[in-house]
Structure formats: structure tokens, C-alpha cells
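I am opening a notebook on a structure that is new to me. I want to write down what I looked up, entry by entry, with the cut-offs beside each term.

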Amino acid sequence: MTTTTTERPPTRQRYRPTGLDTVPAVGALLARLGLGRLDPEAVTAFGGRNDNWAGPTTTGAHVFVKTVTPLPDGGTCPELHRSLGFEELAAQLPPGSPLRSPALLGADPPPG
């Protein structure tokens, strides 16, 4: 018995991102890094507990930006501290390592 199925390509679920105008620190960081600003018409978001944006900037760079909630007393945010610690370790991994990830372009700890 032969069965035929039509395989559909996997879909990536997209989410409506938080408005960039409500998080001015995102645009400020991208500008300081020389990356321009995210195009609000082309930006998307991915599920998760933190606000995030992915898409092209006005300079043509494709970026992923994530925010975490900073501590009210101005202390180090544990989520950001863990992420930056991972980036330090990942930068030392050899090319082709399965633990490599896209390069960190920048971080702005005070606003998360």
C-alpha cells in the first residue's frame, strides 16, 4: 500500500510587535551603533516573555532586538547579566561550534 502526502513547508509564527514608539531606548541604541532605525512596516516579533523586534533597519542591516525589564533600583538585571555572560563565552567558541549564535551588536543595560 502506498500513501501519498503533501508536505507543507514549516511556517514561522509571527507576532505583532510592541510599538517601537513606546520603547525609545531601542531606537537610541540602534542609532548609537550606526545601524539606523527599524522599519516599523517591516518589523516582526517572536513569542516569548520579553518584548522583541526583528527586521531590517534603514541602513539595510537585519537585526533582532530584545528588551528585558530593568530593576527599579538601577541594579543589574539578572536576565541581561546572563545574556551578556553567554555572549562573552560564545565569542570564544571556534567557528562552526553548535553553540555559536549571531554576533552581539550592542547592549544598553540601564533601560534593559
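**Ground rules.** I note that this is a predicted model, in which local features need pLDDT of at least 70 and side-chain atom pairs count only at pLDDT 80 or more, while totals for chains, interfaces and linings use all residues. Residues are numbered from 1 along each chain as its sequence is written, and side-chain values use heavy atoms, with hydrogens and water left out.

**Core.** I looked up the largest nonpolar core and found nine residues: Val23, Val26, Leu30, Leu35, Leu38, Val43, Trp53, Val63 and Val65. Helix H1 (24-32) and strand E2 (62-66) each supply at least two residues of this core. Such a core is a set of buried Ala, Val, Leu, Ile, Met, Phe, Trp, Tyr and Cys residues joined through side-chain atoms within 4.5 Å. Buried stands for under 20% relative accessible area, exposed for over 50% and partly exposed for anything in between, with a 1.4 Å probe and protein chains only. Helices (H or I, at least four residues) and strands (E, at least two) are DSSP runs, numbered from the N terminus. As background, I recall that in soluble globular proteins nonpolar side chains tend to be buried together.

I then followed Val23, which is found in the segment before H1 and counts as buried at 17% relative accessibility. Leaving aside neighbours within four places in sequence, Val23 is in contact (heavy atoms within 4.5 Å) with Thr18, Trp53 and Thr67. Val23 and Thr67 are 44 residues apart in sequence, yet their C-alpha atoms are 9.0 Å apart in space.

**Helix H1.** Which residues of H1 are buried? I found Val26, Leu29 and Leu30. They lie on the same side of H1, because they cover an arc of only 100 degrees around the axis, the arc being that of the directions from the helix axis to the C-beta atoms. Pro24 and Arg32, on the other side of H1, are exposed. The buried residues of H1 pack against strand E1 (52-56) and E2. After H1 comes Gly34, whose phi is positive, near 75 degrees.

**Salt bridge.** How many salt bridges does the rule give? The count comes to one, where the rule asks for a side-chain nitrogen of Lys or Arg within 4 Å of a carboxyl oxygen of Asp or Glu. Arg32 forms a salt bridge with Asp108, with the closest N and O atoms 2.8 Å apart. This pair links distant parts of the chain, 76 residues apart, with Arg32 in helix H1 and Asp108 in the segment after helix H2 (78-90). Arg32 is exposed, with a relative accessible area of 55%, whereas Asp108 is buried, with 19%. Not counting residues up to four places away in sequence, Asp108 touches Leu29 and Arg32.

**Aromatic pair.** A search of the whole structure gave me one aromatic pair. Phe46 and Phe64 form this pair, 6.2 Å centre to centre with 50 degrees between the planes, and it is tilted. Phe46 sits in the loop between H1 and E1 and Phe64 in strand E2, 18 residues apart. Rings of Phe, Tyr and Trp (its six-membered ring) pair if their centres lie within 6.5 Å, and planes under 30 degrees apart count as stacked, over 60 as edge-to-face and the rest as tilted. Phe46 counts as partly exposed, at 28% relative accessibility.
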